[in-house]
Amino acid sequence: MPSNLENLPFFAKVFAVIIGAVFAMTLTGDIDTEGKLKLSFGVFTKIAFSAVFGFLSGAWLIEYMGWGHWSYASHGFIMMLCSVFGMTLVGIVYQASLLSLKGKSLSEVIAEVKETFKSIFK
């Protein structure tokens, strides 16, 4: 079998992860409803992070759950989902931290965190 066909499953996974990164860009608002992409260094960083996160977390999930016997298309779908939802979760954490730190000093943030932990563990 030629060596170029041996890489076909890998390219199927790459395609799925790139589609997941595009979906993640739509969810974060970098691609608007008209399909226009606002290119910047931040957008390239988000796409790269989403793709890497999709590959690594998808591969980890497949190995951890013992799904290695599934088809390559299933692996690609799992990696795509990891790419989309991983980027979405990172965006949520980033926005939450941005909103909680805006206009507050470090001591105020630390006091809020202490009060939250006290109320949780009471």
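Colleague: What is Ser83 in contact with, leaving aside its neighbours within four places in sequence?

Modeller: Ser83 is in contact with Val17, Gly20, Ala21, Ala24, Ser50, Ala51 and Gly54, once neighbours within four places in sequence are left aside. Contact means heavy atoms within 4.5 Å. This is a predicted model, in which local features need pLDDT of at least 70 and side-chain atom pairs count only at pLDDT 80 or more, while totals for chains, interfaces and linings use all residues. Residues are numbered from 1 along each chain as its sequence is written, and side-chain values use heavy atoms, with hydrogens and water left out.

Colleague: Why is Ser83 called buried?

Modeller: Ser83 has 0% relative accessibility, and buried means under 20% relative accessible area (over 50% is exposed, in between is partly exposed; 1.4 Å probe, protein chains only). Ser83 therefore counts as buried. Its place is in helix α4, residues 72-101; a helix is a DSSP run of H or I with at least four residues, numbered from the N terminus.

Colleague: Which residues make up the largest nonpolar core?

Modeller: The six are Val17, Ala51, Ile62, Ile78, Met79 and Cys82. A second, separate core has five residues, among them Met25, Ile31, Val43 and Met87.

Colleague: What makes a set of residues a nonpolar core?

Modeller: The set must consist of buried Ala, Val, Leu, Ile, Met, Phe, Trp, Tyr and Cys residues joined through side-chain atoms within 4.5 Å. In soluble globular proteins, nonpolar side chains tend to be buried together.

Colleague: Which residues does Val17 touch, leaving aside its neighbours within four places in sequence?

Modeller: Val17 is in contact with Ala51, Gly54, Phe55, Met79 and Ser83.

Colleague: How many helices and strands are in the protein chain?

Modeller: The protein chain has five helices and zero strands, and its elements run α-α-α-α-α from the N terminus on.

Colleague: How much of the protein chain counts as buried?

Modeller: Of its 122 residues, 23% count as buried. Among contacts with a separation of 6 or more, 60% come from residues 24 or more positions apart.

Notes
Helix = DSSP H or I, 4+ residues; strand = E, 2+ residues; numbered from the N terminus.
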